[in-house]
Amino acid sequence: QVQLVESGGGLVQAGGSLRLSCAASGRTFSRYAMGWFRQAPGKEREFVAAVSWNGGTTGYADSVKGRFTISRDNAKNTMYLQMNSLKPEDSAVYYCAVDTTSTGVRGLVSGKNDMNYWGKGTLVTVSS
C-alpha cells in the first residue's frame with residue numbers, strides 16, 4: 001500500500017521556523033517530481049514548492065520564495081520543506097504529492113494538482 005505521510009507541523013510564532021517531512025512507503029518515487037501544497041481554512045489548495053526527481057531543480061510560489069527551501073533524499077524516500085521567517089498567512093494544512101507523470105517541476109509549478117498520490121496533511125499554525 002502506497003502511503004505519503006507528512007510530519008513536522010505545529011504551532012510557531014511569526015518569524016520562526018519549521019521543517020516538514022514527507023515520507024513515502026510502499027513504493028519508491030525517486031524517478032518523479034514531488035511537491036508541497038497547502039490549504040488554509042476557506043481557501044483553495046495552492047502550490048507551495050516542487051522538486052525534480054534528483055533534487056537538481058526546484059520551484060516555488062512567489063509567496064514563499066526566499067523563505068522556504070524544498071529538498072529530497074531519495075535514499076530515504078523522503079522530501080522536506082524547510083520553512084523560515086514564517087508569517088501568519090503561512091498557516092494552513094500542508095500536503096505533499098508526487099507527480100508520477102514527470103521528472104521535472106514544470107507541471108507542478110504551472111498548477112498541476114491532479115496527482116494520484118497525496119498525503120493526509122500536517123497542520124502549520126503561525127501566531128502573530
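Residues are numbered from 1 along each chain as its sequence is written, and side-chain values use heavy atoms, with hydrogens and water left out. Because the model is predicted, local features need pLDDT of at least 70 and side-chain atom pairs count only at pLDDT 80 or more, whereas totals for chains, interfaces and linings use all residues.

The chain contains one helix and 11 strands; helices (H or I, at least four residues) and strands (E, at least two) are DSSP runs, numbered from the N terminus. Their order from the N terminus on is β-β-β-β-β-β-β-β-β-α-β-β. With a radius of gyration of 13 Å, close to the 14 Å given by the globule rule for 128 residues, the chain is as compact as a globular protein of that length. The radius is taken over C-alpha atoms, and the globule rule is 2.2 Å times the number of residues to the power 0.38. Along the principal axes, the C-alpha atoms fill a box of roughly 40 × 25 × 25 Å. Buried residues make up 43% of the 128 in the chain, where buried means under 20% relative accessible area, exposed over 50% and partly exposed in between (1.4 Å probe, protein chains only).

The count of aromatic pairs comes to three. Rings of Phe, Tyr and Trp (its six-membered ring) pair if their centres lie within 6.5 Å; planes under 30 degrees apart count as stacked, over 60 as edge-to-face and the rest as tilted. The ring centres of Phe 29 and Tyr 117 are 5.3 Å apart and the planes stand at 55 degrees, so this pair is tilted. Phe 29 lies in the loop between strand S3 (18-25) and strand S4 (33-39) and Tyr 117 in strand S10 (residues 117-118), so the contact ties together parts 88 residues apart in sequence. Phe 29 is buried, at 0% relative accessible area, while Tyr 117 is partly exposed at 22%. For Phe 37 and Phe 47, the centres are 5.8 Å apart and the planes at 75 degrees, so the pair is edge-to-face. Phe 37 belongs to strand S4 and Phe 47 to strand S5 (residues 46-51), 10 residues apart.

Two arginines lie over ring faces: Arg 19 over Tyr 80, at 4.0 Å from the ring centre, and Arg 45 over Trp 118, at 3.7 Å. The criterion is NZ of Lys or CZ of Arg within 6 Å of the ring centre and within 35 degrees of the ring normal.

Asn 77 has a positive phi of about 55 degrees although it is not a glycine. Asn 77 is placed in the loop between S7 and S8 and is buried, at 16% relative accessibility. Ser 85, likewise not a glycine, has a positive phi of about 50 degrees. Ser 85 is in the loop between S8 and strand S9 (92-99) and is partly exposed at 42%.

Asn 77 also lines the largest cavity, together with Ala 24, Phe 29, Met 34, Arg 72, Asp 73, Asn 74, Thr 78 and Met 79. Strand S7 (68-73) and strand S8 (78-83) are the elements that give two or more residues to this lining. A cavity is a set of points on a 1 Å grid over the protein atoms alone where a 1.4 Å probe fits but cannot get out, and lining residues have an atom within 4 Å of a point. The volume of the largest cavity is about 30 Å³.

Terms used:
On a 1 Å grid over the protein atoms alone, a cavity is a set of points where a 1.4 Å probe fits but cannot get out, and a pocket is an open set with protein on both sides within 12 Å along at least five of seven lines; lining residues have an atom within 4 Å of a point. Grid points are joined across faces, edges and corners, and a volume is the space filled by probe spheres set on the points.
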